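I opened the model to look up a few strands and the packing around them. My entries follow.

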Amino acid sequence: MDKVIKCVLIDVDNVLITELIEVAAEIGDPNCKLVNPFLFDVDGNMTPWKQEVTNQTEFMIRAEDILTIADPTGTVIDKYIELTS
């Protein structure tokens, strides 16, 4: 199965580039898995999300807590794959 890599806006100042996996869950429970999320800054730099507090590379989030999801450009996908390989 191919990775689904998306731009995920989780609040006004936080855009993540991440592999996104939908999972079955009860209503109200987390139903999206973020795999290797990287924070994308205004200069186009990517840094591992929450690296200062955890070594975890997978995070669960509720779809309701995501403001929007978009397709990243090919250049962003290539850089993300390079960083996560």
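I began with Lys6, whose bridge partner in β2 is Thr18. I am working on a predicted model, where local features need pLDDT of at least 70, side-chain atom pairs count only at pLDDT 80 or more, and totals for chains, interfaces and linings use all residues. Residues are numbered from 1 along each chain as its sequence is written, and side-chain values use heavy atoms, with hydrogens and water left out.

I took strands as DSSP runs of E with at least two residues, numbered from the N terminus. Strands pair if DSSP finds at least two bridges between them.

I checked burial next (buried: under 20% relative accessible area, 1.4 Å probe, protein chains only). β1 (residues 5-11) is largely enclosed by the rest of the structure, because five of its seven residues are buried.

I then looked up Glu19, in β2 (residues 14-22). Glu19 is buried yet has no salt bridge (a side-chain nitrogen of Lys or Arg within 4 Å of a carboxyl oxygen of Asp or Glu).

I listed contacts (heavy atoms within 4.5 Å) for Phe59. Not counting residues up to four places away in sequence, Phe59 touches Cys32, Lys33, Leu34, Pro37, Trp49, Lys50 and Thr54.

Conventions
Helix = DSSP H or I, 4+ residues; strand = E, 2+ residues; numbered from the N terminus. Buried < 20%, exposed > 50% of the residue type's maximum accessible area, 1.4 Å probe, protein only. Lys, Arg positive; Asp, Glu negative; His and termini not counted.
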